[in-house]
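Subject: Structure for you to look at

Hello,

Here is the structure I said I would pass on. My notes on it follow below.

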Amino acid sequence: MQLSFRPLLLELRHPFRLAIGSRTHTQVVLTEIKWRGLVGYGEAAMPPYYGENHETAAAFLNRAAVPLAQYATFSELNDDAIAEIMAQIDGLAPGNHAAKAAVDIALHDLWGKMAEQPLWQLWDLPLENMPLSSFTLGIDTPAVLRDKMRESADFQIIKIKLGSENDREIIQTIRQITDRPIYADANQGWKNKEQALELAHWLAEQNVLLIEQPFAKDDLDSSAWLSERSPLPILADESFQRLPDLDRVLDSFHGVNIKLMKCTGLSEARRIARNVREKGKPYMVGCMTETSCGILAAALLCPESRFADIDGCWLIRNNPFEMPELKWGRIQLGNRAGLGLLPNVGEV
Ligand code: MG
């Protein structure tokens, strides 16, 4: 198998403002794994706060290409074969979670193409259970929020970035525009437990359905305190990355946000998801700002999840693939093999 890759700078439709900063672009690397005329597509999406970028991904993927080339005679991929390859890729270097995900996603797409089946079919996923996906609005002025709401008309749930001084004002502004349910993401922005609890009660009255990452990622004690008392589920995002962190994090939160770019791809994400379900806890499937490649891969985790926030490719201008189909706020997984991606011929 032959791995190739190229860097791409995703342009965001709006500057993305979070409690921890603002940005206009996201660095991604698109991968291709070729085998006997078939091509599997993968992606690494790298927001700056996880420490990966074009250079680190290129360095890692150049190393990953070597063991992948040794699988030249591999006649068939499946879950076990991909898990075995990914164990080897994971062992090449610590970190590099998004770059590893770019290999994992491409292997899965390639497997579907070898089998001439969509991945959801290979996994026998209950597509009828696909949850509504939320659409994320960054912190902004009321006028800009109104514009963004128009762009999100197909989505039935809104995700709001909180964690600034004027959280109530932001929710009130949204409530002047729509009564759609809200997922609130504080992105580590809250500092005070008692104020957070008071806010959680107020948010519950505003038809907010959950709270993501209230406190600093290492402050598990405050999250545990709030989780014990909150009327809303509290989910870990920045506090949770990979499977070995899961038990520790679930002691302090009701559930977790699983993202392919944090946990090295579908192989590990599916193990995490199974583990969380077995514990009877909820999880959200999340994403970064990504192309349709990362989003369609993440969508494969959704039919078995309670919450989905996989809007990343609706937040960018230069998607190199065709947009996924969205019906009544639910991403549709079609009948094309693998992830079901089609290159967008008009794009770079
Ligand atoms: Mg989050």
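**What was found**

Val-256 has Tyr-283 in β10 as its bridge partner. Please keep in mind that this is a predicted model.

That pair belongs to the contact between β9 and β10 (residues 283–285), which run parallel and are joined by three bridges. On the β8 side, β9 (residues 255–258) pairs with β8 (residues 234–236), again in the parallel sense, over two bridges. There, Gly-255 of β9 is opposite Leu-235.

These strands are part of an open sheet of eight, in the order β4-β5-β6-β7-β8-β9-β10-β11, with parallel pairing. The edges are β4 (134–137) and β11 (307–308); each has a single partner strand, so one side of each has no neighbour in the sheet. As background, strands of a sheet pair through backbone hydrogen bonds, either parallel or antiparallel.

Helix α6 (residues 167–177) lies across β4, β5 (157–161), β6 and β7, at about 155° to β5. Gln-206 sits in the loop that links α7 (193–205) to β7. Beyond its neighbours within four places in sequence, Gln-206 is in contact with Ile-171 and Arg-175. Is Gln-206 buried or exposed? Its relative accessibility is 18%, so Gln-206 counts as buried, the cut-off being under 20%.

On the overall layout, the protein divides into domain 1 (2–120) and domain 2 (122–332). The centres of domain 1 and domain 2, taken over C-alpha atoms, are 23 Å apart. Contacts between them involve 45 residues of domain 1 and 46 residues of domain 2.

The largest nonpolar core has 115 residues, and the members that touch the most others are Leu-77, Leu-107, Leu-203, Val-256 and Ile-258. The biggest contribution to this core comes from α3, with 11 residues. A separate core of six residues includes Tyr-183, Leu-235, Met-284 and Phe-307. In general, nonpolar side chains of soluble globular proteins tend to be buried together.

Leu-107 is in contact with Met-1, Ile-33, Leu-68, Leu-77, Ile-82, Ile-85 and Met-86, when residues up to four places away in sequence are not counted. As for helix α3 (residues 97–115), 18 of its 19 residues are buried. With 19 residues at 1.5 Å a residue, α3 should span 27 Å, and this agrees with the 27 Å between its end C-alpha atoms. Just after α3 comes Glu-116, with a positive phi of about 55°.

Regards

Methods:
Residues are numbered from 1 along each chain as its sequence is written. This is a predicted model: local features need pLDDT of at least 70, side-chain atom pairs count only at pLDDT 80 or more; totals for chains, interfaces and linings use all residues. Side-chain values use heavy atoms; hydrogens and water are left out. Helices (H or I, at least four residues) and strands (E, at least two) are DSSP runs, numbered from the N terminus. The expected span of a helix is 1.5 Å times one less than its number of residues. Buried means under 20% relative accessible area, exposed over 50%, partly exposed in between (1.4 Å probe, protein chains only). A nonpolar core is a set of buried Ala, Val, Leu, Ile, Met, Phe, Trp, Tyr and Cys residues joined through side-chain atoms within 4.5 Å. Contact means heavy atoms within 4.5 Å. Two strands pair if DSSP finds at least two bridges between them. Axes are lines fitted to C-alpha atoms, for helices over the stretch in contact, and angles run from 0 to 180 degrees between N-to-C directions. Domain bounds come from an automatic or database domain assignment.
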